Amino acid sequence: MLRSFNETEARDFYVRYLGFSVEFEHRFAPGMPLYMGLRSDRCELHLSEHHGDGVPGITVRIACDDVSALLRNLKARGHRRMNPGMEEQPWGMLEVSVTDPFGNRLIFFQTV
């Protein structure tokens, strides 16, 4: 579960830019904080605007079948605050790292 603070920015980053689909949305009443489930392939993330749900600034590692294809897709979609690259780590991983608008870092990785 990742903390979020702005629904518009969350949708732009996770749905438009990263390519996740919205699986569900929940609010206890109109105007209340959003709790949203997202999915991309086998990865499922939950975003919450509720105080106490998640802590901003965490890092999540997400296994990916083709990090190069992910990076090409991110470059094609573009984001005004993102210009990710790929790093080959000495421990045998290819990684693409992005930080969401709320300070959460997502590292997509593939074993070399």
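Strands β6 and β7 (residues 93-99) run antiparallel and are joined by four bridges. The model is predicted: local features need pLDDT of at least 70, side-chain atom pairs count only at pLDDT 80 or more, and totals for chains, interfaces and linings use all residues. Residues are numbered from 1 along each chain as its sequence is written, and side-chain values use heavy atoms, with hydrogens and water left out. Helices (H or I, at least four residues) and strands (E, at least two) are DSSP runs, numbered from the N terminus.

- Met-86 has Val-96 in β7 as its bridge partner.
- The open sheet has four strands in the order β5-β8-β7-β6, with mixed pairing; two strands pair if DSSP finds at least two bridges between them.
- β5 and β6 (86-89) are the edge strands, each with a single partner strand, so one side of each has no neighbour in the sheet.
- On average, neighbouring strands of this sheet are turned by 30° against each other, direction ignored.
- Helix α2 lies across β6, β7 and β8 (105-111) and runs at about 30° to β7. Axes are lines fitted to C-alpha atoms, for helices over the stretch in contact, and angles run from 0 to 180 degrees between N-to-C directions.

**Leu-74 in helix α2**

- Leu-74 is found in α2 and is buried, with a relative accessible area of 1%. Buried means under 20% relative accessible area, exposed over 50%, and partly exposed in between (1.4 Å probe, protein chains only).
- Not counting residues up to four places away in sequence, Leu-74 touches Tyr-17, Leu-18, Pro-84, Val-96 and Val-98; contact means heavy atoms within 4.5 Å.
- Leu-74 and Pro-84 are 10 residues apart along the chain, and their C-alpha atoms are separated by 8.0 Å.

**Sheet with β1 to β4**

- Another open sheet has four strands in the order β1-β4-β3-β2, and the pairing is mixed.
- The edges are β1 (2-3) and β2 (21-26), each with a single partner strand, so one side of each is left without a neighbour in the sheet.
- β1 and β4 run parallel and are joined by two bridges. Leu-2 stands opposite Leu-47 in β4.
- Strand β3 holds Leu-38, which is buried at a relative accessible area of 0%.
- Leaving aside neighbours within four places in sequence, the contacts of Leu-38 include Tyr-14, Phe-20, Val-22, Leu-45 and Leu-47.
- Leu-38 and Glu-25 are 13 residues apart in sequence, with 9.1 Å between their C-alpha atoms.

- Asp-41 lies in the loop between β3 (35-40) and β4 (43-48), and counts as exposed at 71% relative accessibility.
- The phi of Asp-41 is near 55°, a positive value in a residue other than glycine. Most residues other than glycine have a negative phi.
- The largest pocket is lined by 17 residues, of which Ser-40, Asp-41, Ala-63, Cys-64 and Leu-70 lie nearest its centre. On a 1 Å grid over the protein atoms alone, a pocket is an open set of points where a 1.4 Å probe fits, with protein on both sides within 12 Å along at least five of seven lines; lining residues have an atom within 4 Å of a point.
- β5 (59-63) and α2 (67-77) are the elements that give two or more residues to this lining. The largest share, four residues, comes from α2.
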